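The stops below are given in the order in which to select them.

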Amino acid sequence: MNLQSVAWITLLAPLVAAGLILLVTRTNRVAAAGLAILSALVAGAGAWSLFLAKADGVFRGFEWIRFGKDFSIPFHLALDPLSCTMLVIVGTIAPLVFIYSIGYMKGDDGYWRYFAGLALFLFSMLGIVLSANLVMMFIFWELVGVSSYILIGHYFAKDSAADAAKQAFLVNRIGDFGFMLGILLLWLSTGSFDFSSLNPAAGAFHGNPALLAAAVVLIFCGTVGKSAQFPLHVWLPNSMEGPTPVSSLLHAATMVAAGVYLLARIFPILEASPQASEIVAWTGAITALGAGILAIQQDDIKGILAYSTISQLGYMVTAAGLTVSAALPMFHLFTHAFFKCLLFLTAGSVILGMHHEQDIWKMGGLARKMPVTFVTYLCGMLALSGCFFFSGHYSKDLIMACSWEHHRGIFWVVVVAAALTPFYMTRQALVVFLGKPRSEHSEHAHESPLVMIIPLILLAIPAVCAGYSPVEHYFFSHVGSLAEPEVPHWVDLVFGAAFLAGVLLAVAIYRGAPEKDPLRIPFLQHRFYIDDLYFWIVRVIQGGFAKLCSFTDRWFIDGVLVRGSAAAVWTLGFALRFLQIGNIQAYAFFFGAGVIGLLYILLNAR
């Protein structure tokens with residue numbers, strides 16, 4: 001089988017599975033799950049085949065739209081080291097999450113609908129990775145939005161889940177509108193949508209750097225929405241209302257990572273615009289710090305991990321904005337995919353063992369009752385926290401070292417954010433797994449079934465070693481340079497000190513796993529009141545404008561213009577009908593008066 005066929009099968013297998021589940025296997029739970037898992041395994045095998053074969057080039061499909069000679073949008077697949085590496089990430093994570101879902105979603109009423117949504121989501125994400133031009137990427141970008149709406153709102157009978165799905169969909173549309181404008185601006189400037197011709201055309205903007213900066217920042221709006229960067233980060237913590245495997249898939253290697261992949265895709269254009277790259281880097285740094293601060297006061301086990309994801313995405317966006325290499329943000333995306341997927345799946349194991357309780361202050365003592373979950377959680381926690389010899393240490397410290405070399409202000413922001421990560425993760429570990437049980441559910445918690453435990457063990461391996469030098473070289477040597485920048489020796493010590501400071505401070509505050517949080521900061525518990533501000537804007541400004549429009553429509557447009565004009569015509573007709581009196585002499589009189597009036601007008605018109 002040639003590589004082109006493999007690429008198309010990799011893309012279309014999940015779509016076929018989603019269609020078959022929807023049309024054929026709705027009443028057969030085993031078949032529905034089996035089709036989804038089979039499609040994920042096929043996609044994963046295809047992804048690895050393309051990566052190992054070093055597939056490179058554009059695989060032609062069909063022409064979707066053509067208007068004359070100057071405007072055409074083909075549906076082709078682009079394979080290069082960047083897309084092949086991203087395919088491996090998605091193709092490795094997805095089957096593990098699908099298999100894990102068998103145990104987690106057991107007994108769920110929407111079982112077939114859930115797996116159909118997973119398959120559609122996987123198809124959409126693979127489409128983003130394989131798109132050869134910006135328009136096709138935008139179409140799959142929107143499909144990811146639709147499928148994530150379906151999955152986040154899986155428990156649609158709950159108002160909170162339905163609201164979270166709507167919020168995720170609407171907030172992403174704000175960013176996507178800017179993304180669309182950026183695509184159009186680039187096309188007007190270069191005449192192309194294709195990545196193969198768009199990136200080399202970056203030099204065409206040298207005469208107009210402001211135009212290039214505007215185009216890149218508009219495209220970056222898509223990243224701000226999809227990758228939950230400030231100020232469009234609010235949807236991601238609320239998306240935790242969906243099933244935990246969905247949270248794992250969204251946060252690990254798919255939806256939220258799409259924004260970082262987009263920046264890597266247009267890296268030559270981003271690199272050509274210092275103004276835009278500065279905006280990108282600072283947005284990422286502020287997001288990394290702000291989300292890390294908010295994570296220290298969250299009580300929901302998945303909510304903590306959600307803010308952690310936002311913070312780590314901030315590191316990736318910062319890495320892209322530093323314009324060192326496209327490989328720099330992708331390397332952290334690579335390591336993050338494994339340990340964050342692991343952390344969410346361990347959280348799901350805890351939630352299942354706790355009978356779907358998610359408040360960490362109702363847990364405690366779970367290390368003895370769920371030993372495999374605890375050990376695998378530690379692997380993910382230490383990797384996320386940047387502990388030595390774990391994957392996150394290599395990718396995150398590399399970003400901080402590059403920020404020292406390129407932007408000292410950003411360096412100190414991300415270092416502070418790095419110290420917060422071990423603090424809130426150690427807090428979570430102490431409260432959830434150590435101490436005494438705080439509720440009846442934690443008293444009777446139990447280890448998860450084997451179908452959930454095996455993916456945890458398999459993910460724990462790359463969570464530890466995915467950042468090691470041989471792995472880094474194997475996956476990223478053809479994507480871009482990841483050479484260590486030369487930094488003073490004390491800078492390396494700062495990284496280690498940040499990790500130790502976070503851990504020791506958390507131990508000092510939460511040692512003994514207290515019954516309730518001794519650190520209570522309302523400003524952080526209310527998420528900087530940003531969510532409240534948005535609700536106020538929607539309720540007061542948008543709601544007030546809607547009421548004004550309603551008043552204008554009802555009383556001015558309908559009342560005056562529509563009904564008023566109709567009433568005036570009716571009144572005039574009603575008055576004129578009194579002239580129809582049926583008397584011939586009166587008609588002759590009116591006729592004569594009309595003739596005299598007409599003659600008067602004609603004679604005096606001059």
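Start with helix H1, which bends by about 35 degrees at Leu12, with a proline, Pro14, following within four residues. The bend at a residue is the angle between axes fitted to the seven residues ending there and the seven starting there. Helices (H or I, at least four residues) and strands (E, at least two) are DSSP runs, numbered from the N terminus.

This is a predicted model, in which local features need pLDDT of at least 70 and side-chain atom pairs count only at pLDDT 80 or more, while totals for chains, interfaces and linings use all residues. Residues are numbered from 1 along each chain as its sequence is written, and side-chain values use heavy atoms, with hydrogens and water left out.

Stay on H1 and select residues 3-23. The end C-alpha atoms are 30 Å apart, which agrees with the 30 Å that 21 residues should span at 1.5 Å a residue; the expected span is 1.5 Å times one less than the number of residues. Next, colour the buried residues of H1, among them Val6, Trp8, Leu11, Pro14 and Ile21. Buried means under 20% relative accessible area, exposed over 50%, and partly exposed in between (1.4 Å probe, protein chains only). Show their surroundings: the buried residues of H1 pack against helix H2 (29-52), strand E1 (57-67), strand E2 (71-79) and helix H4 (111-130).

Move on to the aromatic rings. A pair of aromatic rings is described by the distance of the centres and the angle of the planes. Rings of Phe, Tyr and Trp (its six-membered ring) pair if their centres lie within 6.5 Å; planes under 30 degrees apart count as stacked, over 60 as edge-to-face and the rest as tilted. The structure holds 33 such pairs. Select Trp48 and Phe51: their ring centres are 6.1 Å apart and their planes at 85 degrees, so the pair is edge-to-face. Both lie in helix H2, three residues apart, about one turn of the helix. Trp48 is partly exposed at 31% relative accessibility, whereas Phe51 is buried at 10%.

For another edge-to-face pair, select Trp404 and Trp490, 5.2 Å centre to centre with 85 degrees between the planes. Trp404 belongs to helix H18 (residues 391-406) and Trp490 to helix H23 (residues 489-510), so the pair ties together parts that are 86 residues apart in sequence. Trp404 counts as buried, with 10% relative accessibility, and Trp490 as partly exposed, with 39%.

Which ring does the charged end of Arg29 sit over? Select Tyr111: the charged end of Arg29 is 4.2 Å from its ring centre. A charge sits over a ring if NZ of Lys or CZ of Arg is within 6 Å of the ring centre and within 35 degrees of the ring normal. Lys396 likewise lies over the face of Tyr315, at 5.5 Å from the ring centre.

Then select Lys166 in helix H6 (residues 159-190). Lys166 is partly exposed, at 42% relative accessibility. Its C-alpha atom is 9.7 Å from that of Ser239, 73 residues apart along the chain.

Finally, zoom out. The protein has 26 helices and two strands, and its C-alpha trace spans about 110 × 60 × 55 Å along the principal axes. Of its 606 residues, 55% are buried.

Definitions and conventions:
Contact = heavy atoms within 4.5 Å.
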